[in-house]
Amino acid sequence: MSFFSIKNLNLHIREKKLLNDISFDLDKGEVLGIAGESGSGKSLTALSILNLLPNFSRKTGFIYFDNKCISDFTDKEMCKIRGKDISMIFQEPMTALNPLISINEQVAEPLLIHSNHSKKEALEIATYYLEKVELPRNLLNDNVYPHELSGGQQQRVLIAKSLVLKPRIIIADEPTTSLDVTTQKGILDLLKNLVNQDGISLLLITHDLAVLAQCAHSVAIMKSGEILEIGNLEKIFKTKKHPYTKKLLNSVNYSPTKKNTSSKNILLSVKSVSTSYYNSQSLFFTKQNKSNILNDISFEIYEGEIFGVVGESGSGKSTLVKTILGLQDLEKGEILIKNKKIKANKFDDLSIRSMMQVVFQDPYGSFNPRHRIKRLISEPLFLLNTIQTRKEIDEKVNYALEEVGLSPNDSNKFIHEFSGGQRQRIAIARALIIKPKLLILDEAVSSLDVSIKAQILDLLVELANRYNLTYLFVSHDLSVVQNIANRVIVMKSGEIVEQGKAKQILTEPKKDYTKSLVEAIPIISRRLLNGGQIAK
Amino acid sequence: MSSYFFSRLKILILSLFFASLIIFFMIEIIPGDPASFMLGINAEPETVDALRKELGLDISTFERYFNWITGMLTGDFGVSYTYRVPVSELVMARIGVSIPLALYAIFLSTLIAIPIGIFSASNHGNFKDLSFMGFTQLGIAIPNFWFAMVLVLIFSIYLKWFSAGGVPGWDKGFFVNLKALTLPAFALALPQASILARIMRSALIETLSQDYFRTARASGLTFFQAVKKHAFRNALIPVLTIIGLQFSFLIAGAIIIENVFFLPGIGRLIFQGIVQRDLIVVESVVMLLVFSVIIVNFLVDMAYLYVDPRLRVKK
Amino acid sequence: MKFPISFILGFLLSLFFLAITVISFFWVPYDVETLNITNRLMEPSFENLLGTDHFGRDIFSMIMIGGQTSLSVALIAVGLGLFFGVPLGLISASWRGSLLDDIIMRGNDLIFAFPSLVIAILITAVFGPSALNAILAIGIFNIPVFARVTRGAAISIWTLAFISSARIAGKGSFRISLEHILPNILNLLIVQGSIQFSLGILAEAGLSYVGLGVQPPTPSWGRMLADSQTMISFAPNLALFPGITIILAVLGLNLLGDGTRDLIDPRLKDKIK
């Protein structure tokens, strides 16, 4: 028997069954990946192991660790295991650290609880581990607080914290999901090396099969609280026995191809645009600190093409979207659509505004929860100067709903009755109801599960082909735009690093930054997939 | 020192300036001549003229405002018309009751509220929590002066444990005065404690669902260790805000409560000032009260600086 | 729909006090303006439900009529707070970070530094005591409360993507505030309104108690308590019943506010799902 195993674990929260008969073993030094989409129960499985479940949970089954059945340990007994033998890393590093306590004290905390080290010794050990996770030297002092660190650095601190007592098992719950790709790669490499060095077993929970392909020995595929398949990673990826596994693998880094229909007519031209951010102007006082967000950005979008904008967080891509939409003032330069100037925060010429629409990232915040779908979708009709009869509006709404694969019956519902993927369809319907020339997709598929993401991408390509639409496709993820976009710009710190044909940039990047971006995209190699379609 | 400190300091000074303007001009807009208003309709014209001179009403409004402010800054609050003594003397004699009363009440309300808040939050949703929250609902609804009357009825009239009012004076020793202030302070503290306990509870419940609390539990801290080390300090930030805001209610409460217990405090002074139309006393004491509220809120802002490292911007 | 227990209890209590106050405009058990000294300080009985006071007036009748003062003062004060505070908060939120926002917010802080009692003292010093005085004092103090609540809630809604969608659909700040912001913060305003209403009742009682509010012979709950104070040792009922009235009325409104929040807060609903 393995030193750690779960047998027939079931979990109810209130009356709802959320985990169904989960069983698996973990060997010493093994990296086991648990993969699944949201709601699959993968995080609850992790929390069940440490018995840190939410209130009103009821669990049955057995968890064995070191020949002891820890599933019926009291909280006090579990406290001796948590952080010492089994430690955990969470998804959101910005919120997983206490903002009021310095980082070396937080890393030293498990030492002070589980061992007899003095505070001084504990802090020394903490500093040693902070060095080991390659935190920059200037952050190794006392009195460094979490808000002074970047997301990746914060995750390194949490890794250090999980390592200080040389645990036997580390559970990492989506450790890189909220990080940029280039940061993600560093964190994954670090984690992989450290567990390798010390022979620690790693339970890696993620929605991203490509991440698993890089680190895990074996994999469990979860859906709706059940393990569908478990076993050697290579074998599972090659055989794709379960249809759901196949679907997931096919959705990884999915980017549908679009016919190239771009013309020579310029639709949008962005001419040396710069914007700055001023520290909030307070009554009579505090000097204004100025920092550049966009710095001399220029590009043109042709009618009928899909134009990709790629950049990591802080690259200025969302500010770029705001300036194009006329929601933010420019400092220098101008933006023209069909040779008409877009004026920021001016609403006198609605005909200019009616040429563009947008789909945002967050499917939850994109709709007023108090309005019905009909009213939500018809909002952009405000831009048309003609007065519409109720019947005309209804017809347009129904047509738009059918266009995105929903039913006209949905028009009287409220937004909370729809899932994330359906909400993005509604957002697309809202954007297309006034037949805009340019549709801006601002991370429109980024918060969706992989299989849903693939469906929405297909829908977008289908609509683009049918109506010869022009998209500005903004994404942090290069792999999404690789086939869908015709041309791409890569942004960093408010500047354009590289621009060109999407295929070309992905295969032969010229600039170092683009190269590092491309290399950091987690991919499942052709070898693993037995000649699957996704590999480079 | 951080820019946070200076921005708060500027707000403090501006607030004091505008507050003084409001108070001064409120008193200024009194219809008719303040001197004849203060003396009543039957006053002799010579007496009115004399008072006008005494009040310095023969100079311009701007000059009088300037004199009032500069006088205040040097501790000269003017001379009370009815008592014929400097207002500062009157205030000094009474502040020894009002300030200890307010501090005692803050102390009691914090002492009662924080354990209840912690207890309720750690029993979130169960019977113990609900019954404590029921009590706090009741506590918020009780008018403090009525509660004071009930306390007098029980502890002074029936049980005779405390005297029904008055203070012996600080020259008679610390504890006799403390005892005399206990009922009024308790009456003041109970409604405030109820509010504070509810804020403490909801702030703690909020922090208990934060990721860093889960991190703490995952690294082996027991529930109470994690509350003590991680949740409590974070929950303190909204609690501090409320303590600051409560000070203003406490001032109002203290003025009323002093009436119930016949305490010779600032509240009594101000009511006598109104009844006797002694506007100089009213003006100066109101300014003093507003000043104390603004100062306390400034101190609360400074306390954030101690609690929250994110405000300590390094230069 | 399942109503929370606090909502039901709060609703019934509030309804009760509203009902006796409204009825008092048309009918009370006994006339409270005629003094009947022979009948003074009677214990509660079937004739006088809560006994009589030192002038022989029926306490229950006085409480009913006192409700007119207490409820109307508190209600008008809340109205004042809503009428001025909500637009200020909405303006502040839609121009957040601007000089205008700063001026509104600093003005709010400034008013907060004047406890309602101090405002009442100032107004009394100028105009003399009256019910209007109480309304103004409590109402002025309510303005920054509503302005802050409105601004805070509105700002969190302004950051949501559907507001950007509305702007992209060509709608201006005013229209967005009315169409999108206000409906989404209405719950919060109703809850805050009921809390301020209950605080208004407490504040009115305090002001009347110290003689800065409504003047005799108009009955009010706070004045009844002030009158009873000297007789508390031999006639505790005089203090007890008006006090309990205030507590139950305030409790009722607070429970109603809390219950309404539980009932309509979508965040809580999601948690239960």
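Two strands count as paired if DSSP finds at least two bridges between them. The model is a predicted one, and the first stop applies this criterion.

**First stop: an open sheet in chain A**

Select residues 57-65 of chain A, which form strand β4, together with β5(A); the two strands pair in the antiparallel sense over two bridges. Within this pairing, A:Tyr64 has A:Cys69 of β5(A) as its bridge partner. Now extend the selection to the whole open sheet, whose four strands follow the order β2-β1-β4-β5 in chain A with antiparallel pairing. Which strands stand at the edges? They are β2 (16-26) and β5 (68-69) of chain A; each has a single partner strand, so one side of each is left without a neighbour in the sheet.

**Second stop: β13, β19 and β20 of chain A**

Next, display residues 306-311 (β13) and 487-492 (β19) of chain A, which run parallel and are joined by five bridges. One bridge to inspect links A:Val490 with A:Glu498 in β20(A). The hairpin of β19(A) and β20(A) has two residues between the strands, and A:Ser493 takes a positive phi near 45° in this hairpin.

Move to chain C and select residues 5-26, helix α1. At 1.5 Å a residue, its 22 residues should span 32 Å, and the end C-alpha atoms are 32 Å apart, which agrees. Show the side chains of the buried residues of α1(C), among them C:Phe7, C:Leu13, C:Phe17 and C:Ile20. What do the buried residues of α1(C) pack against? Their partners are α2 (59-94), α8 (221-228) and α9 (237-264) of chain C.

Finally, show chains A and C together: 27 residues of chain A are in contact with 23 residues of chain C. The area buried between these chains is about 2300 Å², with carbon and sulfur atoms giving 56% of it. The interface of chain A and chain C holds two salt bridges. A salt bridge joins the side chains of A:Arg375 and C:Glu179, at 4.0 Å from N to O. Polar contacts between chain A and chain C amount to 10 residue pairs. On the side of chain A that touches chain C, α12 (350-353) and β16 (356-359) are the elements that give two or more residues. The largest share of that side, three residues, comes from β16(A).

Key. Residues are numbered from 1 along each chain as its sequence is written. Chains are lettered from A and ligands numbered from 1 in the order in which they are written. This is a predicted model: local features need pLDDT of at least 70, side-chain atom pairs count only at pLDDT 80 or more; totals for chains, interfaces and linings use all residues. Side-chain values use heavy atoms; hydrogens and water are left out. The expected span of a helix is 1.5 Å times one less than its number of residues. Buried means under 20% relative accessible area, exposed over 50%, partly exposed in between (1.4 Å probe, protein chains only). Contact means heavy atoms within 4.5 Å. Buried area is the accessible area (1.4 Å probe) that two parts lose on being put together, summed over both. A polar contact is a pair of N or O atoms within 3.5 Å; within protein, one must be able to donate a hydrogen and the other to accept it, and residues adjacent in sequence count only if both atoms are side-chain atoms.
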